[in-house]
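Let's walk through this structure together, one region at a time. Have the viewer ready and follow along.

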Amino acid sequence: MPIALSPTVEFESAVPSTNRAFVLHGVEDVRFEERPVPSELGSLEVIVAPKKTGLCGSDAHYLSHGSIGDYVLTSPMILGHESAGIVVKVGSAVTSLAPGDRVAMEPGESCRMCYSCKDGHYNRCPSMAFAATPPFDGTLAGFYKLPADMCYPLSHAVSLEEGALIEPLAVGVMAVTTIGQMPLGANVVVFGAGPVGLLTMAAAKALGARHVLAVDIQEPRLEFAKQYAASDYFVPTRTVEGETRLAYSRRQADEIKARFNYAERGPQGVDLIIDCTGAEICVQTALYLLKHGGTYVQVGMGTDSLTIPISTVLNKELTVKGSFRYGPGIYTQAIDLVSRGLIDLKPLITHRYAFVDAAKAFAANRAGKGEDGRALIKAVIDGPLA
Amino acid sequence: MSEQSNLAAVLHGAKDLRLTKRPISAPAPGEAQVAIKATGLCGSDLHYYIHGRNGEYVLKTPMCLGHESAGIITAIGEGVTDYKVGERVAIEAGVYCGACRLCKTGRYNLCTKMRFNSSAKVFPHQDGSLQSLLNHPVTHLHKLPDSCSYEAAALVEPLSVVLHAARRAHIAAGQTVLVLGAGAVGLLALAVAKAHGATHTVVVDINEERVKFAVDEGFATSGYVLPRTPRPETSAAGLEAAKATAGDILTGYGPVDSDGFDVVMECTGVETCMQAAIHTARPGGKVVFIGMGTPNATLPISAAAFREVDLLGVFRYANTYPDALALFGSGRLPGVEKLVTTRFPLEKVNEAFEALLAGKDKDGNMIMKLMVGDY
């Protein structure tokens, strides 16, 4: 007797017969298009049907500006890169995956042969083909082809929509572990309580931070952060007339130290600060706030040119590092943290959309809230049905 | 070298090395064809020649030996854009997969699917460079600066082994380094240690000529010739002897302000030397086992563990070729080219192996590094 599948399971295991795609043609110009269903693949590649795709700030930026920095849209490009789906076909030499497997997708294919790849930093590969970064197509389509080792099986305890959020979680895990080298029991401060900031806080907490402080200018976000992963939060104080930006940042740092009893040195100082805003004031405040010998990690993408207190970096022997996407072992680590229940991704998924409503998802993402008026943290779009 | 065929030195079994004319094959897409100018011979090549095996790796089908090589590009395969005919290159013999966890973390020398030229570890065997022409992926060819000779470029391979060892051991400026074994690898280890800023370097060997060469040519600050003693009868006696040897080395040549050397590079693979290496390292120091000898050794483990002496293994190298070539070019390895003491044309490859086996050329001169190639 056939067992009736729940609608979720039915949807998640169905392979579309056509390849509908959500394509960016130019600024504010997105269209649904039919693309050929891929069938050719290399011996070590797989074809996946993306089932759930989360939206991120970069997707919204390409829609509104047609570019991010040096990456400029010059021809139509499928959007989306935070995805999980079902394996449809595997290359002849693939032994680790089979059709039907549920996987989180790491959306970047590196060359494996350049200096950076050989040296263990494939995220820095100059030939990186990254989904939805021009000129490479993204995952908001019926099918996506990628190397088998870039697909990570998900246990049945992890849903596909959580699988999609492994991508932004990986950004947070990278910042905390590989780049930040967070020691056990660290005092951590995260600037920015958007999705990346929240996931960074969750990673720090899950990996053994003693205390995680969230800083943002929007108190509702911080309230959420506190019940999600942060130990506490801080809302910056008002500016004082005539105060320079550096002086303001200094004052915020002093205020934080006083309120949360952070020391200048040693185990009671702030060991690690991760900035997920890119905002000048945050960068400055962080450098003033860190203990002597502390580490600062830049994740947030903001203005390229800002003023920092470099003498503070010198005098306190601070380590200042950049964190770009994610590298070897990060996806595995992120999935493990979720599978073991140390990180819960579900509270971040606030809005869900069918594939045909993808444009609405982007609009909600930009507005920061859905049609229902609820604050949006992560919008997730289904893969196409047919 | 014939223009119509590729002359290859093919090993069929123990002491059965046959010079064979093979058809020339064009390079595949992504490859270049390299006319081999120089191939250095190493202990593993010699092992294959003598025994038809290297430890547990047994020759299954005929295979060309040789993996320390350099040459000039004579043809390029489809899709190759960055390499041209006439370019001079050093050949990195190990082709890794790029997709396994080890490759992705920058440790491709440990790649589970590594295919290394001239090694019987993988089957089918990949031919080595003891032939006139070799096709190889361009991603594993390193361009030579004009000032770098083919012989220096061939030395980049064993240099890579010790450079990798020096990195694993974090050899730094001001440190003291002891090298056990004054063969080519030992002398390269001394050169690399010095290039990293090691100040007090000592070399030890049972062969007086090699120790003298090392000190006279400036590879080591001082050298100690180990007296040859009868083989110990029991394991316990061996351990005692090794400890005594270590004591002698430290008394005569140890650093004055420390209980031992910061780093000991063991380049013999001999069990008693491995034991002595542990005793000669200072508390908190490091021993790197570079020499490949007995696979199962008795070691004074408490002398290491309770003094926090770290024991490090090394297997070939990763990400060393560009830095090794730069080291040659920068002049920070003075005298290293003197290591090439003996040369044979490819046509005389059997004589070459016999000389290597004897340890001396037919005039009775010491062999440090022997090269076979276009001479």
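Is α3(B) largely enclosed by the rest of the structure or exposed, and how many of its 19 residues are buried? Before the answer, a word on the ground rules. This is a predicted model, in which local features need pLDDT of at least 70 and side-chain atom pairs count only at pLDDT 80 or more, while totals for chains, interfaces and linings use all residues. Residues are numbered from 1 along each chain as its sequence is written, chains are lettered from A and ligands numbered from 1 in the order in which they are written, and side-chain values use heavy atoms, with hydrogens and water left out.

Now to the helix. 17 of the 19 residues of α3(B) are buried, so the rest of the structure largely encloses it. Here, buried means under 20% relative accessible area, exposed means over 50%, and partly exposed is in between, with a 1.4 Å probe and protein chains only. Helices are DSSP runs of H or I with at least four residues, strands are runs of E with at least two, and both are numbered from the N terminus.

Look along α3(B) and you will find a bend of about 40° at B:E157, with the proline B:P158 following within four residues. The bend is the angle between axes fitted to the seven residues ending at a residue and the seven starting there. After α3(B) comes B:H170, with a positive phi near 55°.

Next, turn to where the two chains meet. Contact, meaning heavy atoms within 4.5 Å, links 14 residues of chain B with 13 residues of chain A. The two chains bury about 1,100 Å² between them, 54% of it on carbon and sulfur atoms. Buried area is the accessible area (1.4 Å probe) that two parts lose on being put together, summed over both. On the chain B side, B:Y96, B:K104 and B:N319 lose the most area to chain A, together 45% of what that side buries.

Two of these residues deserve a second look. B:K104 forms a salt bridge with A:D149, the closest N and O atoms being 2.6 Å apart; the rule asks for a side-chain nitrogen of Lys or Arg within 4 Å of a carboxyl oxygen of Asp or Glu. Helix α2 (residues 101-104) of chain B supplies the largest share of the side that touches chain A, 3 residues. B:N319, for its part, lies in the loop between β18 (310-313) and α9 (321-330) of chain B. B:N319 is buried, with a relative accessible area of 11%, and its phi is positive, near 60°, in a residue other than glycine.

A:Q181 sits in the loop between α5 (166-179) and β13 (187-191) of chain A, and at 55% relative accessibility it counts as exposed.

Finally, check the prolines. The peptide bond from A:P134 to A:P135 is cis, with omega near 5°, and A:P135 is in the loop between β10 (129-130) and β11 (144-147) of chain A. In chain B, a cis peptide bond joins B:F123 and B:P124, with omega about -5°.
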